[in-house]
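Here is my note on the side-chain contacts in this model. Please read it with the structure open.

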Amino acid sequence: MKQLLILLLGLLVLSGTAYAHGGEDHGDGPKAGTAAGATSFSVATLSEQFEALLRYEPLEGGKPADLRLFLSDYATNAPIKGAKLTLTNPEDANLKWAVKEQEPGVYLVEGQFPANKAYSFALNIVAGEKADLLLLEGIKVGEKLPVAAAPHAEATGLFSSWKTILALTGAFVLGIVLTALLMRRRRPEPVPQTSEQALTASRRTPFP
C-alpha cells in the first residue's frame, strides 16, 4: 500500500512539473541595435543648438545612396528650415554629397559610398545667425536589417504534452486501484458462529 501511495505521488509531481515547464523558452534571442522588423537604420547627434537625425534604408557600397536628415532646434524642437548644410566624410574626403530640402526640417542627402563599411558624416550647419558642426557616426554600409523572428508556438495548456497525458492517465488509474483496495480493507469480515450460537438462532426461528 505504501508503494502505491509513493508511486501515485510521484506521477502527480511529474504531471505538475510538465505543466509548469510547458511553453517555456530558455534560449537567448538575438540582440541588435536596430529592432527586428525595422525598415530603416538611424543615427542621431545633438549640440546646444541643434538636433540631427539621419535615417536611411540598407545601403550598398558602390551604389547610389539616398538618406534623409531631420534637423530641429535643440531648445524648442522646432524644425530648422532653410538651413545651409555641408556633409563630408572623415574616412574619405573625396566623397561628395548633395543636400536638398524636401520640407521644413527634412533634407534629402544624395551621394555614394564606395565600400561596405562604417562611415561618419561631419555635418556643418548654418541656419540664420546660428552655426554648428556635428558628427554623425555609425553609418553602416552593407549591413542588413535584422529580420523579425517567427513567433514561437505557445503551449496550448496542460494537455499539450503526451508525457503529461500519460502521467495523468497513470495517476487516474492508480487512484481507482487505490480506492478499491482501501474499500476492500474497510469491509468487515463475517464473524464465524459457534455451535451454541447457531443452536440459539435455530430455536428462535419459528417453524412454518
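1. Terms and basis. Buried means under 20% relative accessible area, exposed means over 50%, and partly exposed lies in between (1.4 Å probe, protein chains only). The model is predicted: local features need pLDDT of at least 70, side-chain atom pairs count only at pLDDT 80 or more, and totals for chains, interfaces and linings use all residues. Residues are numbered from 1 along each chain as its sequence is written, and side-chain values use heavy atoms, with hydrogens and water left out.

2. Aromatic pairs. Rings of Phe, Tyr and Trp (its six-membered ring) pair if their centres lie within 6.5 Å; planes under 30 degrees apart count as stacked, over 60 as edge-to-face and the rest as tilted. That rule gives five aromatic pairs. One of them is F41 with Y56, a stacked pair at 5.5 Å centre to centre and 25° between the planes. F41 lies in strand β1 (residues 41–46) and Y56 in strand β2 (residues 50–56), 15 residues apart. Strands (E, at least two residues) and helices (H or I, at least four) are DSSP runs, numbered from the N terminus. F41 and Y56 are both buried.

3. The tilted pair. W97 and F113 have ring centres 4.7 Å apart and planes at 50°, so they count as tilted. This pair links distant parts of the chain: W97 is in the loop between β4 (84–88) and β5 (98–103), F113 in the loop between β6 (106–112) and β7 (118–127). W97 is buried at 12% relative accessible area. F113 is buried too, at 1%. Ring pairs join W97, F113, Y119 and F121 into a cluster.

4. Salt bridges. A salt bridge is a side-chain nitrogen of Lys or Arg within 4 Å of a carboxyl oxygen of Asp or Glu. The count is three.

5. K144 and E60. Their closest N and O atoms are 2.7 Å apart. The two residues are 84 apart in the chain: K144 sits in the loop between β8 (130–140) and α2 (162–186), E60 in the loop between β2 and β3 (64–73). K144 is exposed at 56%, whereas E60 is partly exposed at 26%.

6. D73 and K130. This bridge spans 2.9 Å, N to O. It ties strand β3, which holds D73, to strand β8, which holds K130, across 57 residues. K130 is partly exposed at 36%.

7. K140 and E143. Their side chains meet at 4.0 Å, N to O. K140 is partly exposed at 41%, and E143 is partly exposed at 32%.
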